[in-house]
Amino acid sequence: MSLIDAARAVRENAHAPYSNFKVGAAIRTASGKVFTGCNVENVAYPEGTCAEAGAIAAMVAAGEREIAEVAVIADSPDPVSPCGGCRQKIAEFAGGAVPVTLANMDGVTLSYTVAELLPGAFDKSHMDAP
Ligand code: THU
């Protein structure tokens, strides 16, 4: 199954009764395993979590740390754009050259790298002593 197909499948499980905007995300790790996540909203709106965060949590819980590829899909006019927080979460576990495929349900895709999605990312080097 392609990574986009994995993201499309998990999107069906999204809990999005408030936005009615279901999102699916899939991550392939350096070891070749695939982890998926969907958005899980909450009646206390800020407690909701994004699809990317769910996929990353599943990956880390399984003992994996190195993202090799990401795919995100939603039913949007243009391929869905990860929020700023999710871009930072992906960058925690992915090098700048890692490909991120964004898709909508009409089969339109856009390809980016992590560095293109989050130029000038805050990383641990910024905490080095001057
Ligand atoms: N959402 C995601 O899960 N990932 C994204 O990349 C964009 C937004 C979710 C959060 C919320 O449940 C819904 O989409 C509307 O913002």
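1. Threonine 109 has its place in strand 5. This is a predicted model, so the points below describe a prediction. Threonine 109 counts as partly exposed because its relative accessible area is 45%, between the 20% and 50% limits. Between threonine 109 and aspartate 128 there are 19 residues in sequence. In space their C-alpha atoms are 38 Å apart.

2. Strand 5 covers residues 109–113, and threonine 113 belongs to this strand. Threonine 113 is partly exposed as well, with a relative accessible area of 23%. Its C-alpha atom is 6.4 Å from that of glycine 96. Along the sequence, threonine 113 and glycine 96 are 17 residues apart.

3. Next, the ligand. Which residues surround the ligand? The shell consists of Ser19, Phe21, Val23, Asn39, Glu41, Cys50, Ala51, Glu52, Ser81, Pro82 and Cys83. Sorted by class, that shell has six nonpolar, three polar and two charged residues. The space that the ligand takes is the second largest pocket.

4. Look at the oxygen atoms of the ligand. Glutamate 41 places a polar side-chain atom 2.5 Å from a ligand oxygen. Glutamate 52 also has a polar side-chain atom 2.5 Å from an oxygen atom of the ligand. At alanine 51 the backbone is involved: an N or O atom there lies 2.8 Å from a ligand oxygen. How much of the ligand's accessible area does the protein cover? On its own the ligand has 370 Å² of accessible area, and the protein covers 76% of this.

5. Asparagine 39 is one of the residues around the ligand. It sits in the loop between strand 2 (34–38) and helix 2. Is asparagine 39 buried or exposed? Asparagine 39 is buried, because its relative accessible area of 7% falls under the 20% limit. The side chain of asparagine 39 makes two backbone approaches worth checking on screen. One is to the backbone oxygen of phenylalanine 21, at 2.8 Å. The other is to the backbone nitrogen of valine 23, at 2.9 Å. Phe21 and Val23 are themselves among the residues that surround the ligand.

6. Alanine 25 is in strand 1, which spans residues 23–29. With a relative accessibility of 1%, alanine 25 is buried. Its C-alpha atom is 5.4 Å from that of alanine 51.

7. Asparagine 20 deserves a look at its backbone. Where is asparagine 20 found? It is in the loop between helix 1 (3–11) and strand 1. Phi of asparagine 20 is near 55 degrees, a positive value in a residue that is not glycine. Most residues other than glycine have a negative phi. Asparagine 20 is exposed, because its relative accessible area of 64% is over the 50% limit.

8. Glutamate 64 is a charged residue in the loop between helix 2 (51–61) and strand 3 (67–74). Glutamate 64 is buried, since its relative accessible area of 12% is under 20%. Which side chain does glutamate 64 contact? The side chains of glutamate 64 and serine 31 are joined by a polar contact of 2.8 Å.

Notes
Residues numbered from 1 in each chain as written. Predicted model: local features only at pLDDT ≥ 70, side-chain atom pairs only at ≥ 80, totals over all residues. Heavy atoms only, no water. Near = heavy atom within 4 Å. Polar contact = N/O pair within 3.5 Å; in protein donor to acceptor, adjacent residues only side chain to side chain. Areas by Shrake-Rupley, 256 points an atom, 1.4 Å probe, with all protein chains shown as cover. 1 Å grid on protein atoms, 1.4 Å probe; cavity = no way out; pocket = protein on both sides within 12 Å on 5 of 7 lines; lining within 4 Å. Sits in = over half its atoms within 2 Å of the grid points. Helix = DSSP H or I, 4+ residues; strand = E, 2+ residues; numbered from the N terminus. Buried < 20%, exposed > 50% of the residue type's maximum accessible area, 1.4 Å probe, protein only.
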